[in-house]
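Thanks for coming, everyone. Please put the model up on the screen, and then we'll walk through one chain.

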Amino acid sequence: MKSPLRLERRLTQPKKLNWLVPLISIAAALALGAIVLLLTGKNPLSAYHRILETAFTSKSSFSGTLVSATPLAFTGLCAALTFRAGIINIGGEGQFFMGAVGATLAGLALSGQPTAIIILSMVVMGALFGGLYAVIAGVLKAKFNTNEIITTLMLNYLAGIFLNYLIFGSTSYWRDPQSMGFPTGKQLQPRAFWPSLHIVGFTVPLGFLLATILGMLLWFLYARTRFGYEVNVIADAPSAARYAGMRTRWKIISVMAIAGAVAGFGGASDVGDFRHVLDAKGLQLAGYGYTGIVVAALARYNPVSAVTVAILMGGLTNAGYALQGPNFPSGLVGTLQGLILFTAVAGEVLTRYRIRTQKSGALSEVAA
Amino acid sequence: MSEKIAVRMSGIVKRFPGVIANDGVNFDAREGEVHALLGENGAGKSTLSNILTGLYRPDNGEIELNGESISFSSPRAALNAGIGMVHQHFRLVNSFTVAENVVLGDESTGTFLNAGDVAQKVEELSQRYNLAVDPRARVWQLSVGEQQRVEILKVLYRGARILILDEPTAVLTPQEADALFITLRAMVKEGRTVIFISHKLDEVMAVSDRVTVLRGGRTVGTIETAHSSRRELARLMVGREVVFDRVERKINSSDKETVLRVNAVSALDDRGNKALNDVSLTIKTGEVLGVAGVSGNGQRELAEVIAGMRHASAGTISVNEKEIPNGKVRHAISAGIAHVPEDRLHTGLASSHSIEDNLILKSYRTQPISRYSVLRRKAIQENASQLVEQYDVKTPSTETPVRLLSGGNVQKVLLAREFSANPKVLIAASPTRGLDVGAIENVRSHIVAAADNGVGVLLISEDLEELLSLSDRIVVLYEGRIVGDLPTSSATRESLGLLMGGVALEEHTS
Amino acid sequence: MNSNLFMVIAASAIFYGTPLFFAALGELLTERSGVLNLGVEGMMLIGGVTGAWASQHIGGTSWFVVLMSILIGTSAAALVGLLHAFLAITLRVNQTVAGLAITIFAGGLGLSSYFASVWNVAQRPATHPIRFLDVGGLADTPILGPIFFHQNILTYFSWIAVVVASIYLFRTRVGLQLRAVGESPQTADAMGINVVKYRYIHTVIGGALAGVGGVYYSLAIIPTWVDGMTKGAGWIAIALVIFGFWRPDLTLAGAYLFGALQSLSLTLKARNMHINGDLLDALPFIMTIVVLVLLSGGWAKKRLGAPASLGVPYEREER
């Protein structure tokens, strides 16, 4: 069965593809989404208009978008770091959860301290918990060559169960002893709330600002340091890495540690900026880690772009929440996000390959 | 052996980008004969056999099978026509049993597998042809020799009348090789035809009825083995004595100090077989030591062991009589060993990265390229500009990815990087393979200049002319051993050809 | 533990384990061809929601409606499988990302939820749910009867499926070729086997079987649609494939084990026996990691491991 179309490797990658492909991807996704909407009797233009309105067009809506974008920025960075290094880490979800656990611990234990100290400790503990959790999968891959896709996936589930255990399944430090009826976590004191900044009329959560700075630092790490140089060579040319004597196994563990720390940082922001409590149920329903992978893929694994793309995805998510109700079909947000991911990866393929039609050669048959 | 022609190939032409692999080759094999196909690497043997087994389509020429003109659209078609190939790199599913591998792809067995039937038939074939192997064993449990028997059984099971074996003894012990020859003799006794691709003269003399020698894509002779000699075959294989130009050397290294000492080194290849066996050699300051041999006799492993990429199971490597730690690349680099590997674009370079990034592949941890772990772009660019100019690398910019460069320029980048580290030892593996004439001259002149500057050069090459013209001394690697160590002035193409084919120096009279 | 409790747990294990088995069997076949499909959860949900829709809109006898619902749900999920096949095999996209994209696209916050709201599926329970079906007199036999013969038709079908699948994989010529494609596509290709065809077909089958699992949720377990009602069963199925060493029989056993764990904490709580539910929840995942690490080592890898080319797109060298 010979297909008439063939994919042929491109020799050069025109620079303009870097921004053209994501743009075309989004456009294609919106077009496909419009088809789905039309086929089920809904009006795509009005749906898109409402999304745009709710997510982006006013200062308050944009601030809401930044709220949704913050966790995605962190998990997007986490995924971008590892995918760029050739490691398929889908454990951002679990690493985020563990970061939230660590940060809540700091936030509750240090409630008497000044806010700055609390925030610093929450970040440190969040990053620590997330990083260590990621290192588990990293070590398994480096030492035993265990497939990181499955291990990080399983660890996500275990982290979720751990959250359930802390809040619902035990009387842990994180659980509010007063809430016997329906168990909830202990609330953080107002002193532990992270401040928002007001920049030109927009309300920017501290976490988002920190994520932006982090994105730039991580870009610098990968593009301009020895560490980043080695990661790039190991990912793109493993034989050359061996030839040059690079130490691959340590790199895998290091990259996982950093990525996990970033996701854990996100967990800290979730607790400090928004929920102010360890919300086991809410965290597991949110799916930040998996959406972060969508963000990273669309951003072509570039840390700085990831933060920008997080705003786009955050806008969709924000619109999804705000518009929930009988007048707006639920599930549209997930559908659009999925479509964007499809078109993004399909577009990625087109940057590496060209489509060629098979020239029919003169095929003679065998006389056997 | 009958006179009946089983298969005839006439005027076969096959071109690949940049090279004519088969240039009007004529070849025929008779029923009941073992016909050897002899030649160096690049002579065209593999291409010819790939055409015969349906993997490639010839650009020109005809194939006749039992007198009828024929053409194959796929390997399966060739196999159905009765032509089967046993490749050098086995096509086996490691986790399957022998029986499962043998029956894979056979459409005639019906829906259900009858494991018992298959095992029985495999046993029968095993007995008949001296190919002892347990049909129920899993392939990963078998030795390399046993795995080869599975490959042979695969084609026999499908009823192949013509078998092509590509360098079959490369992976066998002498005992296994002898057992294989018994198998081949048993097969041709029944009227089958065996085509035996090899570069080993002893074996060709021992097992074949006729030999066809290919050189440079052409047939240079087809002889009855009984009427020939190793000497004649060697001469045909490598070409007549020609007067070659020895390169002018500025220094005479014979009274200089030893810069590289390889002492009793043994090493395994990637499959776990012994690739290097008690290898010792020395290189003096400014000396070019050529390593001759057909590819696959341990050259790659030798280069990798000296460069620190491969662990030596025995022996030591010393630079200026100071031993360097075994199997550690960074130590080898800092001891002053430079390495231009055979596989330029995948091992020596990160092909999708820019020239400037590749030029710092070994120096990125040192000043001025990096400071406090941060890479200094300006230093990297300056380094690249300077080297690109110095080595005359033709490129639109230093940011161009290296895979876009021509072969000659790729090699220039490699040389630029390796030489700029002021090495004491340079390992150059097949440095001019695949390059055009101008690039070849360029690379050779760099190597000679380095040697004149005191670098000890280990030149591994399949090109005898190159070795004879550039080296001070030549050693020959055969099956992981050094089988000859001569000053170039007393080396001839013929004697080198014999050594490369496995014939020891003392026996060079027959 | 008295025998009554044992029988309840055993029967529940089979009941809850069946959809896990179907999804895992589908994933098993897909992975045997060398393709990794992480979109199982999404495919299950699509199967579930379309099956539920069918059950509410098709008229006829109970049997007919149930059959059609299963068929429609399965077909819808198979289409999603086709999408994954196209992305992973033809476009050679990173298979992990493609699978995740499908789960996001079709999952609890995506297309399945969208269809549910647009078609108003959740407003009432299925008119013709898949009910229990006693097998004649066998259901009355002591102990074994209530456990094995008081199940529904999909469970009975799953037993046939495990036998058929095992024979297919290990005793037929086509099954051998499939396994060769998953272990060494280069070798299979060299032997004239069409790698692309095998991968496409088995990825679509994988989607279809995931759809069966999804329909089980929406028509047998709780015959009312709830967004995201599979609650991660698709992910468990992926773990189950590893846990079952890519063999149908072990996968069935593992599915029942996981099913037992799922229902155990609820069952025990109802009888005022407390075992830490979270530990039970965690066990399947911990066990899978352990199995996976063991499989990475040399000994087990060769004997029991994953198809060697799993997740790696196949590019044939140019002639």
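Among contacts in chain C between residues at least 6 apart in sequence, what percentage join residues at least 24 apart? It is 78%. Contact here puts the two C-beta atoms, placed from the backbone, within 7 Å.

Some ground rules. This is a predicted model: local features need pLDDT of at least 70, side-chain atom pairs count only at pLDDT 80 or more, and totals for chains, interfaces and linings use all residues. Residues are numbered from 1 along each chain as its sequence is written, while chains are lettered from A and ligands numbered from 1 in the order in which they are written.

Now the overall fold. Chain C has 14 helices and two strands. Those are DSSP runs, numbered from the N terminus: helices are H or I, at least four residues, and strands are E, at least two. The C-alpha trace of chain C spans about 65 × 45 × 35 Å along its principal axes.

Look at helix H13 of chain C, residues 277–296. H13(C) bends by about 35° at C:Leu283. That angle is between axes fitted to the seven residues ending there and the seven starting there. A proline, C:Pro284, follows within four residues.

Next, the partner. In chain C, 42 residues are in contact with 39 residues of chain A. Which element gives the largest share of the chain C side? H13(C) does, with 11 residues. By class, that side has 25 nonpolar, 13 polar and four charged residues. Nonpolar means Ala, Val, Leu, Ile, Met, Phe, Trp, Tyr, Cys and Pro; charged means Asp, Glu, Lys and Arg; the others, Gly among them, are polar.

Definitions and conventions:
The expected span of a helix is 1.5 Å times one less than its number of residues.
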